[in-house]
Every structure is written in C-alpha cells, then in structure tokens.
Amino acid sequence: MAKYRADPFDRKVDLGVGVYRDLSGNTPILDCVRRAEKEVLAAQTTKSYIGAAGREEFNGAVEELVLGSGHATRRDRRARTLQTPGGCGALRVGAELIKVAAPSAAVHLSDPTWGNHAPLLGGCGLKLERYPYYDAATHELRFEAMLERLEAAPAGDTVLIHACCHNPTGADLSPAQWQAVAQLLERRSLVPFLDLAYQGFGSSLEQDAAAVRMVVQRVPEALIAVSFSKNLGLYRERVGALIVVSENAARADATQSHMLHIARSIYSMPPDHGAAIAARIFADPTLTARWIEELDAMRTRMQEMRALLAQRLHDATGDDAFDFIRTQHGMFSLLGVSREAVERLRERHHIYMLSDSRMNVAGIMPDNVDYVAEAFAAERG
Ligand SMILES: Cc1ncc(COP(=O)(O)O)c(C=O)c1O
C-alpha cells in the first residue's frame, strides 16, 4: 500500500487492497447506510453501555439473514448469536470458545486461505493444520485431496470453511461438493466453522447462505463467523456476529454463557453504532430493499469486470488460460503467476497486488482493463 501511494505514475493500478471499489475508485458509504444512520442518530438518547451480547434485535436479524427464518436450529433454540467487532471479532471469540471446549483440538484451514485466519485462530494457542483446497497453477479446486485430508482428521477437530467467495481464490465448492463435505463432517464428528464475510457478493443474500444452512442442518454443532464489512460497506464500524449452534437448547444456553464470558474478557462489549445502523436496515423493508439493490449493483460491477478482464486477456493472449477469472466468485482471484511476475507487474507496469498474485477485481475499471490485460499477458509465468 505504501509503495502504491508513493508511485507517481498516473496510470498505476491498485489490485491489492481488500475493499470494494466503485467505478470512480471509491469505497462508498451505501445510501441505505446513510439513511439508516440519520434515523439512528435522531432516535438516540444515550451513549450508555450496552451488554456483551450487543443488540438483541441485531442478533435476531443476523440469525434470520444467515440461517433463514424457518431453519430447524432456530425453531429448536439451538442457535445463539453474539454481536462482535467485525468478522475478525467473531473468528477470535469462536477460537476462544473452541479452546475452552476442546483445548487440544486442531483447527484445519484451507490452503491457501485469508492471511488473518492463522493469527486470529492460532493466536489463542489452538493448533492449526492445513487441508489442500486450490491449485493456483491449474486454477482448480483440489477437492479429492481436501476430502482425503479431512477424512484423516481426528474426531472433534474444527474445519474452517469459507462459506462463499473464497478469499483469496474466488473458487467455491459446488452444491454437490458441499453436500459431500457436510456428510464427511457429520460422519467423522468434525465441527464446521463457517466464515461468511461476503454474503451477497457471490450470487445473492439467499444463495450465498445456502451452504451454511445445509451444513448446519446436518451437524450437531457448528460455528458461523459473519461480517458486514463488505456487504454493508461498514468496514471501520466493526460489525459482525458469531452464531454458535449446539446439540440442544440446554447446551446452547451453556455455550452462550461461555461466549459472553469470552467477549467480556477480551473487549467487554462490541461497538454499537454500526450494528445499530445494520439493525435499522434489517428491520425496515424499504431500507432492506435499497440495501439489496445496492448489493446487487456491487456484485454486478464485479461480475462485469471479471467478464471484461477475461475477454481482454483472451484477446491479448489468444488462449483461454485466464477464463477462470470470469466464473470465480466475489472480490478476489489468484492470477496464478510467480512472485517474480508479481514484482515485474509492479516495477514495469505499476500494477500492485499481493505477492501470492491475489487481485481484487473491484480494482479493475473499464478505463484500465486493457492496460491491465496487456501487462498480465506480457508478464505471465
Ligand atoms: C475471509 C474473511 N473473513 C473474515 C473477514 C473479516 O472482516 P472484518 O473483521 O473486517 O469484518 C474478512 C475480511 O476481509 C475476510 O476476507
């Protein structure tokens, strides 16, 4: 980021950053957020403390958004939800909960995964393992290898899975592959920890939650880390939630008291402002409809840029080696080039991305796509 800022070249391109950008290169405040924020401020009468669980109405709405209103776990009172400081807060509280419940259990992370998973989950002393997930050179999932590795994991271990829009690969499991994974988790008594940071960025709010709902239906226990940083653009307000599903309602009550104890012992209580805005949007049908419109527009822009970049790469290379960019999901894809190629892209072409060649497709614009495609074609390998 520092190198990008210091680069005086006028056509430099930032594909490294982890936030959504619109066609002007801004990370906008959504209109539904502006409207809800006004209402929140007008209605607010105090800045007094809230509890460690955060806002009740927020937690209820998040459960409904993620699990769906009729989900059996909600009917059976097996789910408990805690408002957290962003998705990171949810991942950390979840990790601490695992540490209390099963201190010697390992957490299995996908290879590759988002760079913060290891510090967030391993930071409390949990053992981390890796399962094969994606081959950056062939742009394919390593699904058989993934199943084989998980098959060998000891019962009681946790498996962290990106619920949709895998970061950094953009490669998601198909519905049939999710079914196979859910079956394995159930059969081998492994605990799913689903990271849902991009609900609505893949296909729609409903479809992007489908895998979570299906997995949770099958297993006795599950954790879900939810983030509203991307889909509500509330990044710095730190809005997230941890949903934990237990075997029965009595266990869920015990789990909830552990969750509250952990939250109190780390940060006492979550920040209120962003969650108050989110809760307002979830509760008001007009604001919800506006949110869905804005979310659809963000997703469509990313899908259009994926298609345009893949097309331009096809034109520039004469082959279909980059067609995977078109069909992957969410904000990121791995270009699949070497670290040296990433360096050459930066030094010769002023195009910035992470050293593993992760690119943010929201950094692609109609007016830089030709430049980027030609540079990628020139430096591939
Ligand atoms: C895979 C994944 N999980 C969780 C998060 C959590 O984000 P936040 O703590 O900003 O809500 C992110 C954000 O980039 C992410 O990419």
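A cavity is a set of grid points where a 1.4 Å probe fits but cannot get out, whereas a pocket is an open set. The structure examined here is a predicted model. With a threshold of 30 Å³ or more, the count comes to one cavity.

By class, the lining of the largest cavity comprises two nonpolar, five polar and two charged residues.

The open spaces come next. The largest pocket holds about 560 Å³ of space. It is lined by 27 residues, and those closest to its centre are Trp114, Asn116, Asn167, Tyr198 and Lys230. Helix H5 supplies the largest share of the lining of the largest pocket, namely three residues.

What takes up the space of the largest pocket? The ligand does. The residues around the ligand are Gly86, Gly87, Cys88, Trp114, Asn167, Asp195, Ala197, Tyr198, Ser227, Ser229, Lys230 and Arg238. This shell divides into four nonpolar, five polar and three charged residues. Helix H5, which spans residues 86–101, again contributes the largest share, with three residues of the shell.

At Cys88, a polar backbone atom is 2.8 Å from an oxygen atom of the ligand. Asp195 contributes through its side chain, where an N or O atom is 2.6 Å from a nitrogen atom of the ligand. For Ser229, a polar side-chain atom lies 2.6 Å from an oxygen atom of the ligand. On its own the ligand has 400 Å² of accessible area, of which the protein covers 92%.

The second largest pocket has a volume of about 380 Å³. Of the 19 residues that line it, Leu97, Ala101, Glu221, Val244 and Thr255 lie nearest its centre. Two or more lining residues come from each of H5, strand S9 (222–227), strand S10 (240–245) and helix H11 (249–266). Helix H5 therefore gives residues to the second largest pocket and also to the shell around the ligand. The lining of the second largest pocket has eleven nonpolar, six polar and two charged residues.

The backbone also deserves attention. Pro168 itself is found in the loop between strand S7 (158–162) and helix H8 (175–187). Cys165 lies in the loop between S7 and H8 as well. Its phi is near 50°, a positive value in a residue other than glycine.

Another cis peptide bond runs from Asp111 to Pro112, with omega near 5°. Pro112 is found in the loop that connects strand S3 (106–111) and helix H6 (117–122).

Key
Residues are numbered from 1 along each chain as its sequence is written. This is a predicted model: local features need pLDDT of at least 70, side-chain atom pairs count only at pLDDT 80 or more; totals for chains, interfaces and linings use all residues. Side-chain values use heavy atoms; hydrogens and water are left out. A residue is near a molecule or strand if one of its heavy atoms lies within 4 Å of it. A polar contact is a pair of N or O atoms within 3.5 Å; within protein, one must be able to donate a hydrogen and the other to accept it, and residues adjacent in sequence count only if both atoms are side-chain atoms. Accessible areas come from the Shrake-Rupley method with a 1.4 Å probe; for residues, only the protein chains shown count as cover. On a 1 Å grid over the protein atoms alone, a cavity is a set of points where a 1.4 Å probe fits but cannot get out, and a pocket is an open set with protein on both sides within 12 Å along at least five of seven lines; lining residues have an atom within 4 Å of a point. A molecule sits in a cavity or pocket if more than half of its atoms lie within 2 Å of its grid points. Helices (H or I, at least four residues) and strands (E, at least two) are DSSP runs, numbered from the N terminus. Ala, Val, Leu, Ile, Met, Phe, Trp, Tyr, Cys and Pro count as nonpolar, Asp, Glu, Lys and Arg as charged, and the others, Gly among them, as polar. Grid points are joined across faces, edges and corners, and a volume is the space filled by probe spheres set on the points.
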